[in-house]
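Okay, thanks for coming, everyone. Let me put the model up and then walk you through a couple of spots.

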Amino acid sequence: MRVSGKTAGMAVMVLWCLVSVCADRLRAQEADDPWMWLEEVTADSALDWVRERNARTQLVLESDPGFSQLKSDLLAILDSDARIPMVSKQGEFYYNFWRDKNNPRGIWRRTTWAEYQQDDPLWEIILNLDELAARENENWVWGGASLLRPDYDLALISMSRGGADARVIREFDMTTRRFVDDGFQLPESKGSMLWIDRDSVFVQTDFGPGSMTNSGYPRLTKRWRRGTPLTAAELVYEGQPTDMQVMAIHDDTRGFERDWVMRNIAFYNNEMFALAGDGSLTKLDVPNSANKRPAFEYLFVELRQPWSVGGRDYPAGALLVCMLDEYLAGSREFEVLFEPSEKTALAGFGLTKDYLYLNILEDVKNRIFVLKLRQAEWRREPLVGAPEFGTVSVSAIDNEESNLVFMTSTDYLTPTTLSFAEIGQTPQRLKSLPAFFDASQLAISQHFATSADGTKVPYFMVASKDLALDGSNPTLLYGYGGFEISMQPSYSAGVGRAWTTQGGVYVVANIRGGGEYGPRWHQAALKANRLRAYEDFAAVAKDLFARGVTSPDHLGIQGGSNGGLLVGNMVTHYPDLMAAAVCQVPLLDMRRYNKLLAGASWMAEYGNPDLPEEWEFIQTFSPYHNVRAGTRYPAVLFTTSTRDDRVHPGHARKMMALMESQGHDVWYYENIEGGHGGAANNEQSAYMQALAYTFLKRRLFSATAGAGN
């Protein structure tokens with residue numbers, strides 16, 4: 001097609017206008033946001049600002065009479081040798097990564113099955129991260145290891161600097177206990193490297209300009225062969241800049257080896273392709289929103305939206321199965337393995353050699369069932385020996401090569417127990433956590449609050465058995481409410497030591513946005529409906545008041561990441577419901593969240609603020625844009641990490657600066673290390689927890705006490 005000079009000139013003019021408009025909008029945004037300079041993560045001016053506020057917070061909270069002992073006790077719990085060393089079986093050995101007071105960065109170690117069953121197993125150290133960090137003068141934080149089957153003599157070890165999401169990956173020789181000098185190595189990036197065979201890997205990393213998505217993850221996946229430079233790696237698949245990320249994986253299940261490509265367009269929006277030996281791709285014709293899992297001869301499909309296929313209708317939340325080869329050949333015949341009800345949802349599923357196990361949530365309590373594979377009829381039976389109450393999980397031990405499973409069980413007051421069993425036999429206890437606090441006078445109860453639209457919202461409460469319902473109990477209300485993540489009961493020695501045994505009430509709200517009732521519970525609070533999650537949280541607070549558990553003067557709230565967004569909205573929308581709030585590694589500026597680090601990957605959850613019609617509803621749950629001078633807000637402690645490369649520390653910095661400038665009661669602490677978890681080692685974790693609990697206790701255990709008193 002021939003383009004005239006006039007047409008080309010008009011195109012240039014249109015492009016110039018678009019650029020000009022974008023530049024004008026950016027300048028206007030900067031003019032409206034005097035704190036944007038705090039987004040410069042490591043700028044001297046920003047870090048000076050951080051240190052000044054850190055020092056103020058530390059001066060006050062560290063001087064509290066109980067701070068030092070609390071921090072010491074929390075660190076002792078985190079460092080305790082009595083913790084359960086959770087393991088994964090690789091070949092004949094059981095591997096574990098372990099941190100304690102002698103190994104703050106941690107050791108990667110292994111043992112045998114006979115030893116693991118002992119109270120004090122004999123461990124063989126494979127890699128000491130403290131020694132490696134000292135030798136290389138790097139602040140290494142463990143990121144995991146992947147061993148090459150079937151010989152297990154090589155590993156790909158992942159490490160990050162300071163706990164960031166961006167990682168370095170190196171090939172490691174299990175025989176010599178040394179990194180392979182000329183082996184596979186990836187420089188720091190938010191990528192990954194996965195074994196195909198001894199001499200090749202799938203690699204997704206920063207290959208240079210244009211190779212990363214807008215979210216900061218790889219959009220190219222390549223096959224890299226041993227002995228060749230990374231630049232010679234062969235392209236397998238290329239995604240779009242607007243995708244979240246792409247990756248290729250090799251399924252090494254014996255007898256069912258296959259290669260797959262995953263294109264993650266956004267959260268809960270992905271495409272999956274079978275990768276043939278000639279490089280051709282065959283897309284699995286399954287809804288993008290569904291969770292797709294090929295395993296053995298089967299294709300399992302977990303639906304997040306209703307689906308009509310093969311002349312049948314299947315509901316959202318259902319788990320379907322078919323024969324993979326038949327499906328690829330055009331068949332659309334499915335068996336239904338699970339359908340949700342008003343009270344139930346699928347929490348997860350997995351396989352052993354001969355069984356499928358289902359983990360089903362019923363009013364936020366686990367029920368485990370097993371189904372025999374390769375039978376004419378899929379008959380579901382309860383897992384023998386599974387507890388009736390609490391949080392229960394099951395995982396295959398032998399990479400689907402036996403019917404052995406690990407089972408963990410726990411609740412808020414019951415120390416976690418690890419058992420093992422051959423499916424169909426009674427589980428045998430392997431290890432249990434000790435009781436890190438005295439729970440004899442405490443009780444767990446479940447309640448339901450009624451939200452603004454009439455929805456019943458469950459919540460758990462841990463409190464003294466003889467709790468006086470006079471509205472004076474210091475109460476900590478915790479929540480998350482996003483990304484279909486469920487908040488289930490679990491044993492937290494820190495909560496027990498720092499809160500419930502000190503006279504505090506601990507409450508966890510199962511608000512919409514989470515996964516407690518499957519996809520419908522999550523989707524009820526997406527995008528324009530986000531405020532429902534906060535209405536649910538407010539309903540739980542009001543139910544606690546109505547029941548006489550506590551009152552606004554004695555209620556504190558806490559949440560991190562998406563839960564930090566929850567806390568920010570509760571503070572700005574419902575300031576009269578609480579006296580204190582701990583807002584951890586939060587999202588708060590929803591006008592710019594999609595431009596900061598991994599934020600662009602979350603637009604399926606929150607919406608796109610660059611679209612006027614979506615910013616119209618997003619601004620209603622952007623805490624940074626809902627702070628008002630003259631409003632009386634609860635005291636807020638913001639915590640974040642300089643090394644968090646997932647949720648930008650600028651969110652917490654800017655919110656702190658804005659509220660501080662208006663004279664609100666706000667406090668701040670930013671850990672220079674730690675990544676999105678907020679801490680890089682046990683000592684930092686203990687310190688961060690001690691800060692939060694000390695802040696809350698000073699505010700809530702006396703209606704007139706204050707963090708600055």
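**Helix 5 and a helix pair**

So, just after helix 5, Asn137 takes a positive phi of about 55°. Quick housekeeping: this is a predicted model, where local features need pLDDT of at least 70, side-chain atom pairs count only at pLDDT 80 or more, and totals for chains, interfaces and linings use all residues. Residues are numbered from 1 along each chain as its sequence is written, and side-chain values use heavy atoms, with hydrogens and water left out. Helices are DSSP runs of H or I with at least four residues, strands are E runs with at least two, and both are numbered from the N terminus.

Back to helix 5, residues 129-136. Which of its residues are buried, meaning under 20% relative accessible area with a 1.4 Å probe, protein chains only? Leu129, Asp130, Leu132 and Ala133. At the start of helix 5, a side-chain oxygen of Asn128 comes within 2.9 Å of the backbone nitrogen of Asp130.

Now the pair: helix 2 (44-62) and helix 13 (650-661). Their axes, lines fitted to C-alpha atoms over the stretch in contact, come within 12 Å and cross at roughly 65°, on a scale from 0 to 180 degrees between N-to-C directions. Contact here means heavy atoms within 4.5 Å. Helix 2 brings Ala46, Leu47, Trp49, Val50 and Arg53, and helix 13 brings Arg653, Met656, Ala657 and Glu660.

Note on methods: Buried means under 20% relative accessible area, exposed over 50%, partly exposed in between (1.4 Å probe, protein chains only). A polar contact is a pair of N or O atoms within 3.5 Å; within protein, one must be able to donate a hydrogen and the other to accept it, and residues adjacent in sequence count only if both atoms are side-chain atoms.
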